[in-house]
Amino acid sequence: MVASGGSRKRDERVRIELQVLGHALRAVAEEMGAALVRAAFSANIKERRDCSTALFDDRGRMVAQAEHIPVHLGAMPDAVTAVMEHAPARTDVYVLNDPFAGGTHLPDITLVSRTDVGFAVTRAHHADVGGSEPGSMPAFSRTLEEEGVVIPPTRIEPGTLERFAARTRAPDERLGDFRAQFAAHRLADARVADLCARHGADRIRDAMEELISYSERVVRASIARLPDGRFEAADVLEAPKGDLELRVAVTIEGDELEVDFTGTAPQYDGNLNCPLAVTRSATYFVVRCLTGPDVPASSGAFAPVQVAAPSGCLVNAEPGAAVAGGNVETSCRIVDVLFAALGQAVPVPAQGQGTMNNLTLGSDRFTYYETLGGGQGACPDADGPSGVHVTMSNTLTTPVEALELAYPLRVRRHELRLGSGGAGRHRGGDGVVREVEALEPCRASVLSERRAHAPAGSAGGAPGERGKNLLNGRELPAKASVDLARGDVLRLETPGGGGYGPG
């Protein structure tokens, strides 16, 4: 039967309205992020934008997110699920950072609040949450408690955040960043209420449902175009006492994709362990890159993907395991090994730097944290970009002026590491060089990767240069915690990306 002209017009109006409401919801998430960044106290959030924001429906499914940090966003649904188990009231706000109850690692603190049609969520990396090292990113932590204060899903009441901040370094900065997160939640509440007043709450819920369904349909159709089969790959992490292996098998069947990490090393007595939420997050990122990168990010985009990992392994650690490095470094290697597996089915770029190059400096007086960009791997048809954050990070580098204004630190050098990208028909991107001088005694921790194993080239391209960490010219290992005296200079040379094709 041919649809009548009136029916076609109604359908077109419905599609237009859905586009309008979808963009409106995403705009709320983006505005939440903008408010959080503008109001934040710490350079880590204000300058580096190490934070993420999203909206969820009444069932705890992600509906819209801002274009923020992949490792934050993919793990957020677990945080909402954990809070929903407490049956939050309309006016409640919950806080959590427990990696085994919806968090990622302890510095990433999540707030969850109700809206008229679901939930608003912010996740921000706080520059200190207590623990054994300033900045709460110790290189050699062995238990979760060594990494800082653990917050299970907790309803915020008068004094809740003040008691937490009192157990951290620079508590006034912690409370300032919390106020910025609260500002984002108040904004979300007002904007969603306005949408409901204009369109009706039921219509907004219907639009949320359709946005989730649309994302699922697009991703399923994209997976269906991939060749069926089982594709396996392995890679390693550079642990202080020897390499740890990650193994993955990806099975594509019809419009579904299964990822199995059986064979991955057991969790170990260090902090490169991952909670399963982080492993799922890295997996979702890769699937989106290779299927529907432009589809609206929602829980529907994740529905066709199943992730399995043996309990107690490196990428599905048991509660209590140290995870500071797992969130930032193991997540990157999960992306690398998944691209290696799926590269047997479809073209993928050469390996990028494969690390966030985490640098933490601080004392009882101040704490500062940053990650550094490096080279991205070359593509089949283009050179890799230089000096960028790759895989699970999407932050900025703190501007030199902002860093030197706020902290007793001086940036001696910040430049591209020219020639560090792998050669090939298309070159890998170059890493960067960053030298930071301590202007007063402090402690430094470095969590990095690709110092022993270079990022691989693809299709005959050369590998990128390995990274280096140096203190006053003396080379440090990939993971290091050291005391700095006034005048000491820490230099990080980040890896280049692999090249693509023979040169």
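The model is predicted, so local features need pLDDT of at least 70 and side-chain atom pairs count only at pLDDT 80 or more, whereas totals for chains, interfaces and linings use all residues. Residues are numbered from 1 along each chain as its sequence is written, and side-chain values use heavy atoms, with hydrogens and water left out.

**Exercise 1. Classify the aromatic pair of Y284 and F302, and then that of Y368 and Y407.**

Step 1. Rings of Phe, Tyr and Trp (its six-membered ring) pair if their centres lie within 6.5 Å, and planes under 30 degrees apart count as stacked, over 60 as edge-to-face and the rest as tilted. The whole structure holds 4 aromatic pairs. Y284 and F302 are 4.2 Å apart, centre to centre, with 5° between the planes, and this pair is stacked.

Step 2. Y284 belongs to helix α8 (residues 276–290), while F302 lies in the loop between α8 and β10 (305–308), 18 residues apart, and the pair thus links distant parts of the chain. Helices (H or I, at least four residues) and strands (E, at least two) are DSSP runs, numbered from the N terminus.

Step 3. Buried means under 20% relative accessible area, exposed over 50% and partly exposed in between (1.4 Å probe, protein chains only). Y284, at 13%, is buried, and F302, at 11%, is buried too.

Step 4. For Y368 and Y407 the ring centres are 5.0 Å apart and the planes stand at 50°, so this pair is tilted. Y368 is in strand β12 (residues 367–370) and Y407 in the loop between α10 (400–406) and β13 (409–417), 39 residues apart. Both residues are buried, and together with F366 they form one aromatic cluster.

**Exercise 2. Describe the lining of the largest pocket.**

Step 1. On a 1 Å grid over the protein atoms alone, a pocket is an open set of points with protein on both sides within 12 Å along at least five of seven lines, where a lining residue has an atom within 4 Å of a point. The largest pocket has about 750 Å³ of space, a volume being the space filled by probe spheres set on the points.

Step 2. Its lining comprises 38 residues, and P70, F285, C289, F339 and T391 lie nearest the centre. Helix α8 gives the most to this lining, with 5 residues.

Step 3. The lining divides into 19 nonpolar, 16 polar and 3 charged residues, where Ala, Val, Leu, Ile, Met, Phe, Trp, Tyr, Cys and Pro count as nonpolar, Asp, Glu, Lys and Arg as charged, and the others, Gly among them, as polar.

**Exercise 3. Decide whether C274 is buried or exposed, and find its nearest cysteine sulfur.**

Step 1. A disulfide is a pair of cysteine sulfur atoms within 2.5 Å, and the search of the whole structure finds 0 of them. For C274 the nearest cysteine sulfur, that of C313, is 9.2 Å away.

Step 2. C274 has 0% relative accessibility and counts as buried.

Definitions and conventions. 1 Å grid on protein atoms, 1.4 Å probe; cavity = no way out; pocket = protein on both sides within 12 Å on 5 of 7 lines; lining within 4 Å.
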